[in-house]
Amino acid sequence: MQIKELSTITDQEMDQLVNVWESAVTATHHFLTKKEIQTIKQYVPQAFRGVDHLLVATQDNQIKGLMGINGMKLEMLFVDSGERGCGIGTKLLSLGIDKYHVNELAVNEQNPAARGFYEHMGFKVVSRSPIDDQGNPYPILKMNRVD
């Protein structure tokens with residue numbers, strides 16, 4: 001497994017990134033309908049291009065996981081559904097904490113596995129919003145890292 005930062009994104013990489021995102025969201029965001037996932041998917045490439053640091057975990061030139069960071073905030077962390085539980089998320093987030101000083105994030109309340117993972121990595125819930133950034137009724141938990 002290799003982790004690298006993408007400074008530019010090729011078309012092939014973008015296809016892989018979107019596929020990883022869709023695989024992860026389908027496996028973990030059960031509160032979203034298939035139609036909602038497809039709608040959100042249209043904006044995913046823009047989100048990838050909109051982070052200060054986009055890191056990918058690759059194996060055999062295939063992207064297996066990704067992480068986006070702005071400042072010290074984790075904006076996104078997705079692992080291909082076939083790779084969940086193999087340590088990719090831990091490796092990515094550990095690098096984010098060590099190299100980029102990640103100390104905050106937001107997670108969907110309706111994704112308890114993600115919340116548990118972040119708690120295991122040292123984050124604690126500090127606030128809750130009943131709606132997401134788009135105004136949808138998907139509660140968001142803001143989490144900060146505590147040492």
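This is a predicted model: local features need pLDDT of at least 70, side-chain atom pairs count only at pLDDT 80 or more; totals for chains, interfaces and linings use all residues.
## Helix H4 and its span

The expected span of a helix is 1.5 Å times one less than its number of residues. H4 runs over residues 88-100, which makes 13 residues. From the first C-alpha to the last, H4 reaches 17 Å, close to the 18 Å expected at 1.5 Å a residue.

Which residues of H4 are buried? They are Ile88, Gly89, Leu92, Leu93, Gly96, Ile97 and Tyr100.

Just after the helix comes His101, which takes a positive phi of about 60 degrees.

## Aromatic pairs

Now for the rings. There are four aromatic pairs in the structure. One of them joins Phe31 and Tyr138: the ring centres are 5.2 Å apart and the planes are at 50 degrees, so this pair counts as tilted. Phe31 lies in the loop between helix H1 (11-28) and helix H2 (34-41), while Tyr138 lies in the loop between strand E6 (123-129) and strand E7 (140-145), so the pair ties together parts that are 107 residues apart in sequence.

Are these two partners buried or exposed? Phe31 counts as buried at 17% relative accessibility, and Tyr138 is buried too, with a relative accessible area of 11%. Elsewhere, Phe117, Tyr118 and Phe123 form one aromatic cluster.

How values were computed
Residues are numbered from 1 along each chain as its sequence is written. Side-chain values use heavy atoms; hydrogens and water are left out. Rings of Phe, Tyr and Trp (its six-membered ring) pair if their centres lie within 6.5 Å; planes under 30 degrees apart count as stacked, over 60 as edge-to-face and the rest as tilted. Helices (H or I, at least four residues) and strands (E, at least two) are DSSP runs, numbered from the N terminus. Buried means under 20% relative accessible area, exposed over 50%, partly exposed in between (1.4 Å probe, protein chains only).
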